[in-house]
Amino acid sequence: MATAIERAVKEREHLLVQAGTGTGKSLAYLTPSLLVDGPVVVSTATLALQNQLVEHDLPRLADAVEPVLGRRPTFAVLKGRHHYLCVAKLEHADEEAPTDTLFDDAPPRATQWLGEAGRLGKQILRVQEWAEKTKTGDRDELDPGVDETAWRQVSMPARDCPGVAKCPYGAECFAEASRVRAREADIVVTNHSLLAVDMLADRNIVPPHKLLIVDEAHELADRVSSAAQAELTPEGVERASKRARPLVSPAAAEALAEAADSLTVGLSDIPAGRLTTGLPPLIHQAVMLIESATRSALDAIGDIKNDDPDPVRKQQAKATLDELSKTSQRLLEDSDFDVAWVEKSDLGNGRRALVVAPLSVAGTLASSLYDERTVVATSATLTLGGRFDTVARSLGLPTAAPVPAARSAEAPPISGDGWSSLDVGSPFDYPRQGILYVASHLPRPAASGLPDAAGEELLKLVEALGGRTLGLFSSRKAATQAAELLRARTDLPVLLQGEENLPILVRKFREQKESCLFGVMSLWQGVDVPGDACQLVVIDRLPFPRPDEPLAAARAAAVDATGGSGFSAVSVPIAAIRLAQGVGRLIRSTGDKGVVAVLDSRLETARGYGPFLRKSLPPFWYTTRPEVAIGALQRLSKN
């Protein structure tokens, strides 16, 4: 992998690398990065992976290569502006704290509970004390941390920042200091969300560079979609009204408040889901009112001048209004390249939103990701159905000539049209370490929840092993039913996502050998439990996107409209990536052994997509015979 990356940089050719768990891919891409002239940018999927590189991998690598290079390589972390303490916001934190809930996305409350206000004040005080000592202002260095409400009082989203030149505290800005460090470092570590914003902002955030490493690249397109997504909420419009009130006439502020009320009425009777025939009349009227009111308020506020007494709050008001105005215009345009839907929370907080997102981001990636730099995209999940072309297409790469995967790490990458691919395999001996068991005798899953037959199959498998089971379910209802079944029929400890914080549940699952951990989609990627604490992974059904997932449904419909198969082009690849991530929870080290049990017979019986999904998985020993799986689990239970 390191050799292939070095070659890609020299030949200025983009590279896709599939590198399974345990291959040491971070070392493989960091090492050749040190030979590149100028900064190299590494983008990770999460802040946790970002921190792992900066706190563990890069320091060890720098120690190792310093005698060879004759100098110690430097590295820096670059996060979004809101991750850093804002001195300007901190100056006014005390006076803003009591009314903070008026600026939340949650429904505003008329009063704030005294105890809550006191707790918030104590957290702000702790931040103020930390501010006198910190050199970076990075939230991750604040220990113990503070909650989101407190941090919003002392941080500044990029859209609200008036800029260094107009901010009275510009010389002390921690976010700007982080950008300076990034420009001077050999390796800059950032995350997909900031990389997406950088692409949408004409690449003026991340420092110029010749090599970009995208780790966990299968998640990049979704992050770009999220960055390009916008929404209107009654609370957001109300927030804009409150921020603008000191800067505009009472009539202009009242127009914004009335627009918020109009959106509340418009959303009240519309069910959640995609809007396929344009905006309904009441919502269309509300959006027009918002667009008109925000435009009038922006005109009244005018430009920010260097001698403005409070440029920070003025910029906050302008930024909020500007975002609402642009989102309203986008919704009113009703472009064929956008998807709009109504979103309603099922958490009981009453949140309602009108959302718009791009139908596809492949064009954005094609035009913004690859110019003037070499891109290396890597992940444990880049080949679907044994090929790179599906993921390549989602990343905006041309796929006129299909690119086969190279299985040998020593073989040269297979050339494509401006890009090449490499599959470095895995250090794991999957056929000897694991079994993929598909319960092909079970009925095809129909209704939501856990069917009785699947529940009985789950019970047999878990009892054969005696716990040690990670259950990955397609819905919260199915996970709850599975937990209730095992609690009623066994004495095994059953941990259910939602009953405690996820990190606590994972720690208990790791420490209690006979326990089971059941949950939904966030467990499919976020759990790393090597050893014998997890020797059975159960997946209740194939993770196709739900029909009510607006973007997936719209993208599938667009393919259908051109004569293709939206199910094959959109739903199957999504299921393949999710399934591979879930199956990947089983084998995390060379000593792991176990069984993956899929309780959805379609993985065996579906002639069209079944083989494609199986080829997207690690090469486990495969069986559809329940006695084979149960026998293997019984043998494992004795170890």
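View 1. Gln315 is found in helix 14 (residues 311-333); helices (H or I, at least four residues) and strands (E, at least two) are DSSP runs, numbered from the N terminus. The model is predicted, so local features need pLDDT of at least 70 and side-chain atom pairs count only at pLDDT 80 or more, while totals for chains, interfaces and linings use all residues. Residues are numbered from 1 along each chain as its sequence is written, and side-chain values use heavy atoms, with hydrogens and water left out. Gln315 has a relative accessible area of 15% and is therefore buried (under 20% relative accessible area; exposed is over 50%, partly exposed in between; 1.4 Å probe, protein chains only). Leaving aside residues up to four places away in sequence, Gln315 touches Arg159, Asp160, Cys161, Pro162 and Ile304, where contact means heavy atoms within 4.5 Å.

**View 2. Packing of helix 11 against helix 12.** Two packed helices are described by the angle between their axes and the distance between the axes. For helix 11 (residues 234-244) and helix 12 (residues 250-268), the angle is about 175° and the axes are 8 Å apart. Axes are lines fitted to C-alpha atoms, for helices over the stretch in contact, and angles run from 0 to 180 degrees between N-to-C directions. Helix 11 is thus roughly antiparallel to helix 12 (over 145 degrees; under 35 is roughly parallel, 65 to 115 roughly perpendicular and the rest oblique). From helix 11, Pro234, Val237, Glu238, Ala240, Ser241 and Ala244 take part; they meet Ala253, Leu256, Ala257, Ala259, Ala260, Leu263, Thr264 and Leu267 of helix 12. By class, this contact has 11 nonpolar, two polar and one charged residues. Ala, Val, Leu, Ile, Met, Phe, Trp, Tyr, Cys and Pro count as nonpolar, Asp, Glu, Lys and Arg as charged, and the others, Gly among them, as polar.

**View 3. The aromatic pair of Trp130 and Trp151.** Rings of Phe, Tyr and Trp (its six-membered ring) pair if their centres lie within 6.5 Å; planes under 30 degrees apart count as stacked, over 60 as edge-to-face and the rest as tilted. By this rule the count comes to seven aromatic pairs. One of them is tilted: Trp130 and Trp151, at 6.3 Å centre to centre with 55° between the planes. Trp130 belongs to helix 6 (residues 114-131) and Trp151 to helix 7 (residues 148-154), so the pair ties together parts that are 21 residues apart in sequence. Trp130 counts as buried at 11% relative accessibility, and Trp151 at 3%.

**View 4. The ring cluster of Phe428, Tyr430 and Phe620.** The ring centres of Phe428 and Tyr430 are 5.8 Å apart and the planes lie at 85°, so this pair is edge-to-face. Ring pairs link Phe428, Tyr430 and Phe620 into a cluster. Phe428, at 7% relative accessibility, counts as buried; Tyr430, at 11%, also counts as buried.

**View 5. Gly170 in the loop between helix 7 and helix 8.** Gly170 lies in the loop that runs between helix 7 and helix 8 (174-184). At 10% relative accessibility, Gly170 counts as buried. Its C-alpha atom is separated by 41 Å from that of His284, 114 residues apart along the chain. For context, the chain has 26 helices and 19 strands, and buried residues make up 53% of its 639 residues.
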